[in-house]
Amino acid sequence: MDARQQALRQRLETLGFDAVRIARVEPVPGDRLHGWLAAGMHADMAWMERTAAKRLDPALVLPGARSVIMLGVNYATGALRQEGPVWARYALHEDYHDTMQAGLDAAGAVLGELYGAGTDDYRAYVDTGPVLERGWAAKAGLGFAGKNAMLISREHGNWLFLAAILTRVELEPDLPLRPQRSGFADVGLLCGKCTRCLDACPTQAFAAPGVVDARRCISYQTIENKGIIPRGLRRGIGRHLYGCDVCLEVCPWNRFAREGRRLLLTARFDLPDLGLDELLTMTPARFAEVFRRTAIKRLKLRGLLRNACVVAGNSGDPGLLPALWRLTAHELPLVRAHAVWAVRRLAGAAAAGELAAVRARETDAEVLAEFAGEP
Ligand code: B12
Ligand code: SF4
Ligand code: SF4
């Protein structure tokens with residue numbers, strides 16, 4: 001690697017990126033992404049379908065793109081006790097899209113300084129761009145594609161946010177961790193015979209090693225799905241209020257993960273202190289105050305109440321019933337539906353009379369459907 005590229009790597013690390021690796025841009029074999037989409041595993045994330053061609057060919061995103069700089073930001077939290085509702089660890093930060101963007105802006109300036117790249121010569125993305133971030137990271141040797149579908153790093157385990165800079169600058173590519181048969185992202189490259197993640201998934205969301213059916217994934221259901229959570233999945237959601245880390249947490253590669261520097265992150269480790277009762281009675285003003293600058297604000301209060309009802313229904317705690325009864329009269333059918341489910345699950349036959357009264361005044365078909373069958 002020449003001195004200039006060495007300097008680039010060093011400057012990017014100084015900006016707060018804990019892992020910096022480079023791959024040469026080429027079209028990606030399309031069978032996996034197309035197969036995933038054709039099977040409907042993207043659920044209602046129609047944007048995944050619309051952007052498929054771009055995801056498979058970076059030249060459609062940036063004509064003349066030669067290299068992709070893959071960046072990782074470590075968000076390992078060490079032991080983190082969550083005794084009530086459980087949050088995905090990534091969510092215990094201010095929105096990483098915003099905090100990492102500052103680092104990407106600075107990284108663009110470094111490319112300009114060292115290589116004379118203008119703003120037209122690169123595109124920088126964190127999460128929301130049409131880029132197969134995990135695949136490129138595996139190709140660049142930033143880690144490997146685990147059977148849990150995560151990009152797993154030897155130094156940081158599963159706990160890495162990824163970002164990508166596509167650029168017209170020709171850089172010397174890094175090697176993958178081991179030669180890959182597909183040349184892109186061989187699933188399970190360093191997993192050996194282990195299947196812990198596949199076995200641990202509470203909702204059986206893995207269609208195959210490395211392939212997540214979003215329709216069954218708690219992360220999708222509690223974050224991306226804006227509507228009713230399918231009844232058949234709600235028990236499996238257990239205490240997961242927002243996102244899910246089960247298939248990440250069980251991975252033995254995390255044993256080697258060190259806590260990161262967090263130069264591009266702002267922790268919100270106070271969120272697990274919010275009790276279920278507090279969540280179920282949250283007002284719009286309090287929601288705005290507590291979740292300011294976090295990704296959770298995109299879920300809106302209605303989504304948070306929906307999720308909290310599911311977790312409350314699974315809690316076995318009858319002390320939550322007063323708050324849940326109030327939510328059976330909420331103005332939004334989405335919230336009423338999940339509140340009815342939770343009340344039925346917690347109070348059972350003992351509340352048959354009150355439930356009949358709630359049902360009698362209900363007019364929404366989706367809420368009425370909640371009164372049928374086992375909760
Ligand atoms: C859509 C999406 C989701 C969906 C679908 C998940 C999925 N497995 O695809 C849902 C909402 C379920 C989700 C959940 C989560 N997500 Co998400 N998600 C994305 C997003 C926007 C696109 C992913 C995608 O393209 N999926 C389509 C599938 C087919 O592709 P893939 O698994 O990513 O890619 C693999 C294969 O396609 C393969 N491949 C592609 N072509 C080919 C060709 C050949 C021949 C071969 C062999 C392989 C191959 O290479 C890739 C590496 O395995 C990315 C951001 C981005 N722009 O990439 C974040 C991203 C993947 N998510 C992320 C995170 C953190 C999560 C959660 C952990 C959040 C949480 N705690 O709740 C969970 C984890 C669930 C899991 N086990 O995957 C991180 C992952 C970081 C990492 N270290 O891997 C990303 C990269 C966001 C970021 N910038 O940090 N996510
Ligand atoms: S994030 Fe949770 S629900 Fe989704 S695949 Fe992993 S373990 Fe299963
Ligand atoms: S838990 Fe085991 S199978 Fe799953 S990604 Fe980690 S090493 Fe691979």
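Predicted model: local features only at pLDDT ≥ 70, side-chain atom pairs only at ≥ 80, totals over all residues.

Reply: Across the interface of domain 1 and domain 2, the rule finds 4 salt bridges. Side chains of opposite charge can pair when their charged atoms come close. E94 and R293 form a salt bridge in which the closest N and O atoms are 3.4 Å apart. Polar contacts between domain 1 and domain 2 amount to 14 residue pairs, counted where both residues have pLDDT 80 or more. On the side of domain 1 that touches domain 2, the elements giving two or more residues are α8 (218-224), α9 (231-237) and β10 (240-242). Of these, α9 supplies the largest share of that side, with 4 residues.

The bounds of the two parts come from the domain assignment of the protein, which gives residues 1-265 to domain 1 and residues 274-375 to domain 2. Taken over C-alpha atoms, the centres of domain 1 and domain 2 are separated by 33 Å. Domain 1 brings 24 residues to the contact and domain 2 brings 27 residues. The size of an interface is often given as the accessible area lost when the parts come together. Here domain 1 and domain 2 bury about 2,200 Å² between them, and 57% of this area lies on carbon and sulfur atoms.

As to the rest of the fold, an open sheet is formed by 4 strands in the order β1-β2-β7-β4, with antiparallel pairing. The edges are taken by β1 (19-24) and β4 (122-125); each has a single partner strand, so one side of each is left without a neighbour in the sheet. Neighbouring strands of this sheet are turned against each other by 20° on average, direction ignored. The antiparallel pairing of β1 with β2 (residues 67-74) extends over 6 bridges, and L71 in β2 is the bridge partner of V20. Helix α1 (residues 3-15) packs on the sheet and touches β1 and β2, its direction making about 135° with that of β1. Helix α5 (residues 96-115) lies across β2, β4 and β7 (160-167) and runs at about 35° to β7.

By the rule applied here, the count comes to 18 salt bridges. One of them joins the side chains of D174 and R21, at 3.9 Å from N to O. D174 lies in the loop between β7 and α7 (196-200), whereas R21 belongs to strand β1, so the pair ties together parts that are 153 residues apart in sequence.

Definitions and conventions. Residues numbered from 1 in each chain as written. Chains lettered and ligands numbered in written order. Heavy atoms only, no water. Pairing = 2+ DSSP bridges. Axes fitted to C-alpha atoms, helices over the stretch in contact; angles between N-to-C directions. Contact = heavy atoms within 4.5 Å. Domains from an automatic or database assignment. Buried area = accessible area lost by both parts, 1.4 Å probe. Polar contact = N/O pair within 3.5 Å; in protein donor to acceptor, adjacent residues only side chain to side chain.
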